Amino acid sequence: MKIKTNNLHETLDLGKKFAKKIHGGEVFVLHGDLGAGKTAFVKGVAKGLGIKKTVTSPTFILMKMYEVKGKDESKKLKGQLKKLLHIDTYRGVSEDDLINLGAMELLGRKDTVAFIEWGIGLIPYLKKSKIKVKKIIIKNIDKNTRVFEF
Ligand code: ADP
Ligand code: MG
């Protein structure tokens, strides 16, 4: 499925809507150039999950975790989703890094949804570890137009 956004606001909104379909246990890899809107999309997701904290790019700290308070934000969640994991592998995150960060214990867990920016290179390793990964590809069309492919 392809969805076009025409500005940052529409991408935030797309992420917000996408959040309503999250059940817990999903691992998404976000693929797209620098400035494609990977972080923006995750910001929208966080909003949709009722996370009040500001989501910032984890480029330098590699991984950030946010508590999902749930409640009535999404009835589907039924309190099972507790954490949003946001990982950025732009600076090169190895398999060992994932282990050392504690990510391997969280990825794929029912109470956690994860978004990994630049994570395509990690897919074979994650699959080997029996973690199911879904790809979201973002294409820069022009200054403000992006196409999201799910
Ligand atoms: P990434 O994490 O992919 O490097 P960011 O989400 O940090 O990208 O940044 C996206 C940048 O592109 C922001 O500066 C944002 O204002 C700009 N932008 C312009 N149009 C869009 C759009 N349609 N969707 C998302 N961001 C957009
Ligand atoms: Mg980013």
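Modeller: Start with Glu149. Glu149 is partly exposed, with a relative accessible area of 28%. Here buried means under 20% relative accessible area, exposed means over 50%, and partly exposed lies in between (1.4 Å probe, protein chains only). This is a predicted model: local features need pLDDT of at least 70, side-chain atom pairs count only at pLDDT 80 or more, and totals for chains, interfaces and linings use all residues. Residues are numbered from 1 along each chain as its sequence is written, chains are lettered from A and ligands numbered from 1 in the order in which they are written, and side-chain values use heavy atoms, leaving out hydrogens and water.

The partner of Glu149 is Lys139, at 3.9 Å from N to O. That is a salt bridge: a side-chain nitrogen of Lys or Arg within 4 Å of a carboxyl oxygen of Asp or Glu. Glu149 lies in strand β7 (residues 146-149) and Lys139 in strand β6 (residues 134-140), so the pair ties together parts 10 residues apart in sequence. Helices (H or I, at least four residues) and strands (E, at least two) are DSSP runs, numbered from the N terminus. Lys139 is partly exposed too, at 44%.

Shared partners join Lys83, Arg109 and Asp111 into one network. Take Lys83 and Asp111: their closest N and O atoms are 3.8 Å apart. Lys83 is in strand β4 (residues 83-88), while Asp111 is in the loop between α4 (103-106) and β5 (112-117), 28 residues apart. Both Lys83 and Asp111 are buried. Asp111 also meets Arg109, at 3.0 Å from N to O. Asp111 has a relative accessible area of 17%. Arg109 is partly exposed, at 35%.
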